[in-house]
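Dear colleague,

Please find below the structure that I am handing over to you.

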Amino acid sequence: MAISHYLKDLGRGARGARAIGREQANDLFGQVLDGQVTDLEIGAFCIAMRIKGETAEEMCGFLDATHARLARLPASDRPVVVLPSYNGARKLPVLTPLLALLLAREGLPVLLHGMRTEARRILASDVLDALGISALNAPEKIANGTVAHIHTEALHPGLARLLAAREAIGLRNPGHSVVKLMNPCAGPSLVVTAYTHPEYQAMLHATFGTLGMNALLSRGLEGEVAADPRRTPRYDAFVAGAHHLWEEQQPGTASEVPGLPQDIDVDTTARYTRQVLDGALPVPAPLSRQVEHILRLAGQIPLETNP
């Protein structure tokens with residue numbers, strides 16, 4: 001078993017590279033996750049895909065391999081809201097913990113999964129730790145109205161190892177796309193995800209449709225799924241893969257968000273999160289809108305096991 005024959009197609013450069021099919025992508029990514037390839041092959045794969053970019057068919061294959069290997073969380077009593085968090089804060093406070101806690105306050109079970117992939121970012125998981133919410137050691141059922149967070153390695157060590165390759169290579173790789181789309185739940189769930197670059201939108205739409213996923217997609221803030229507190233983005237909803245445009249991007253950007261701190265460190269962000277939850281500071285309007293969309297979409301997901 002080896003992936004060199006795939007690399008011959010993928011690694012021919014921006015103009016000469018050829019996409020591979022879903023079954024081939026499944027096989028390739030499965031070998032990477034299972035540790036059956038060398039570090040040199042992994043590096044070549046990461047660079048080749050960074051230059052070429054993923055097609056929807058390739059992404060479906062990568063997700064097939066991932067879903068077949070993930071340690072899944074047991075089904076909860078309501079659809080689990082899945083919040084991938086891999087970027088963290090660089091300029092503005094990371095608001096993914098606040099989004100998670102606002103959703104839990106509405107009675108939903110919420111899972112945040114992630115790990116550090118860049119050295120100088122403030123992670124959502126660190127903020128949750130500061131708020132007294134410790135990470136799970138292994139997948140377990142999430143109660144209604146509860147936020148849980150888990151490190152990627154507890155879901156699949158090979159996936160965490162692929163993400164960690166960024167430290168050596170200096171570039172994101174397909175693993176970073178996979179973790180933002182994957183569903184680590186055995187029961188009904190709703191994946192809330194985001195894209196930064198507009199060219200990814202069509203690929204994501206096709207991927208959700210092909211896999212029949214439940215998802216809410218919008219433009220992210222610094223790679224995080226929580227809405228930018230200064231503006232309201234476009235929202236695309238997917239129920240069992242069927243696409244619905246729920247809201248167009250609203251014009252304008254607020255010059256100031258009441259109470260939003262300028263510092264982005266863990267303690268300041270945790271304090272701001274508490275103040276908003278306690279009602280001492282207002283919930284940013286775009287975040288309230290995002291919560292409304294997630295609640296609406298979660299209510300449309302049948303309570304049966306999804307793929």
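Helix α13 consists of 14 residues, and from its first C-alpha to its last it reaches 20 Å, close to the 20 Å expected at 1.5 Å a residue. Helices (H or I, at least four residues) and strands (E, at least two) are DSSP runs, numbered from the N terminus, and the expected span of a helix is 1.5 Å times one less than its number of residues.

Before going further, please note that this is a predicted model, in which local features need pLDDT of at least 70 and side-chain atom pairs count only at pLDDT 80 or more, while totals for chains, interfaces and linings use all residues. Residues are numbered from 1 along each chain as its sequence is written, and side-chain values use heavy atoms, with hydrogens and water left out.

In α13, the buried residues (under 20% relative accessible area; exposed is over 50% and partly exposed in between, with a 1.4 Å probe and protein chains only) are P286, L287, Q290, V291, H293, I294, L297 and A298. Seen down the axis of α13, these residues fall within an arc of 165°, so they line one face of the helix; the arc is that of the directions from the helix axis to the C-beta atoms. An α-helix has 3.6 residues a turn, so residues three or four places apart point the same way. The buried residues of α13 pack against β1, α6, β4, β5, β6 and β7, where contact means heavy atoms within 4.5 Å.

The sheet itself is open and has seven strands in the order β3-β2-β1-β4-β5-β6-β7, with mixed pairing; two strands pair if DSSP finds at least two bridges between them. Its edge strands, β3 (147-151) and β7 (242-247), each pair on one side only. From one strand to the next, the twist averages 20°. Angles run from 0 to 180 degrees between N-to-C directions, and axes are lines fitted to C-alpha atoms, for helices over the stretch in contact. Helix α13 (residues 285-298) runs at about 15° to β6, whereas helix α10 (residues 174-181) lies across β1, β2 and β4 at about 140° to β4.

Strand β1 is covered on both faces: V80, V82 and P84 are buried on one side, as are V81 and L83 on the other. Four bridges join β1 to β2, and these strands run parallel; V81, for instance, has V110 as its bridge partner in β2. β1 also pairs with β4 in the parallel sense, over three bridges, and V80 has S189 as its partner there.

Yours sincerely
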